[in-house]
Amino acid sequence: MVGFSIDLPLLKTLVLCNIMFSTLGDFMKLVYGCPKLEDLSTIYVMGKSGGSIKSTTYFEPSSNLIKATTSIVEFPRYYWHFPTLSELGRSLPNKQIKGFRLFENLIELRMYWYYRDTCDWSEIVKMLFICPKLKVLYIVKVMIKHNLTKTTKHDWKYPDHVPESVRSHLTTCSIINYEAAEADFRFAIYILKNARLVQDMTIHVHSSSNTMQRAQFVENLSSFPRTSPACKLLLK
């Protein structure tokens, strides 16, 4: 799509489903053509890799965008699927990733995580770094049934730095289909340990988890010290 422009000055809610863009720049033109956009949902939104973003406008925060719903879906490597940061890196030079500010004012993020192989929590943490004002995080893990032998990436390690959103803003965190696995446990305690303002943390344990492992992980989570004195941990 060459030479087109978008002008939707009053649009506040945008839902994109099963759409493929030619380049990341085309997607950005659409989003920034909606200056009053408050709520963005992207479901199975993809684009062919390649191309570049030259306009500095696309590295400014969308001032009204405060809510986003997105899905992380595993596709062949020649696609990027917005907006996971690792995939953005295929279209943006490394030096520009830190300047990607579309979600700078986002306060609520809902992520539906579809996977065939393994869940890598580093993808979620990368998103938290580009959402510095995030207050509400809602994660749903959904295994695609083509491969039931692999689940969560077990060697996930804590990042060197804590995102500003986790340290200073996050108040609510929900994880649906939490697995009795070491990586899921590490991410949960990562939030409990670093989120100083979190008030509500809800974890729904996946029904397929081993009963004994499930009981042990629940016990370990319940007994883990919380940085926020107001934190209420609900395990289901």
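Me: Glu179 and Lys141: buried or exposed?
Reply: Both are buried. Buried means under 20% relative accessible area, exposed is over 50%, and partly exposed lies in between (1.4 Å probe, protein chains only).

Me: What kind of model is this?
Reply: It is a predicted model, where local features need pLDDT of at least 70, side-chain atom pairs count only at pLDDT 80 or more, and totals for chains, interfaces and linings use all residues. Residues are numbered from 1 along each chain as its sequence is written, and side-chain values use heavy atoms, with hydrogens and water left out.

Me: Back to the pair. What do the side chains of Glu179 and Lys141 form?
Reply: A salt bridge, at 2.7 Å from N to O. The term covers a side-chain nitrogen of Lys or Arg within 4 Å of a carboxyl oxygen of Asp or Glu.

Me: Where do the two residues sit?
Reply: Lys141 is in strand β6 (residues 136–143), and Glu179 is in the loop between β7 (172–178) and α6, so the pair ties together parts that are 38 residues apart in sequence. Helices (H or I, at least four residues) and strands (E, at least two) are DSSP runs, numbered from the N terminus.

Me: Which residues are linked in a network with them?
Reply: The salt-bridge network links Lys141, Glu179 and Asp184.

Me: How many salt bridges in the whole structure?
Reply: Five. One of them joins Arg110 to Glu108, with the closest N and O atoms 3.0 Å apart. Arg110 is partly exposed, at 30% relative accessibility. Glu108 is buried, at 19%.

Me: What about Arg186 and Glu182?
Reply: Their side chains meet in a salt bridge too, at 3.4 Å from N to O. They are four residues apart in helix α6, so about one helical turn separates them. Arg186 is partly exposed at 24%, and Glu182 is partly exposed at 34%.

Me: New topic. At what angle do α6 and α7 cross?
Reply: Roughly 15°, and the axes of α6 (residues 182–194) and α7 (residues 211–223) come within 11 Å. Axes are lines fitted to C-alpha atoms, for helices over the stretch in contact, and angles run from 0 to 180 degrees between N-to-C directions. The two helices are therefore roughly parallel to each other. That label needs an angle under 35 degrees.

Me: Which residues meet there?
Reply: From α6, Glu182, Phe185, Ala188, Ile189 and Leu192; from α7, Phe217, Asn220 and Leu221. Contact means heavy atoms within 4.5 Å.

Definitions and conventions:
Parallel < 35°, antiparallel > 145°, perpendicular 65-115°, else oblique.
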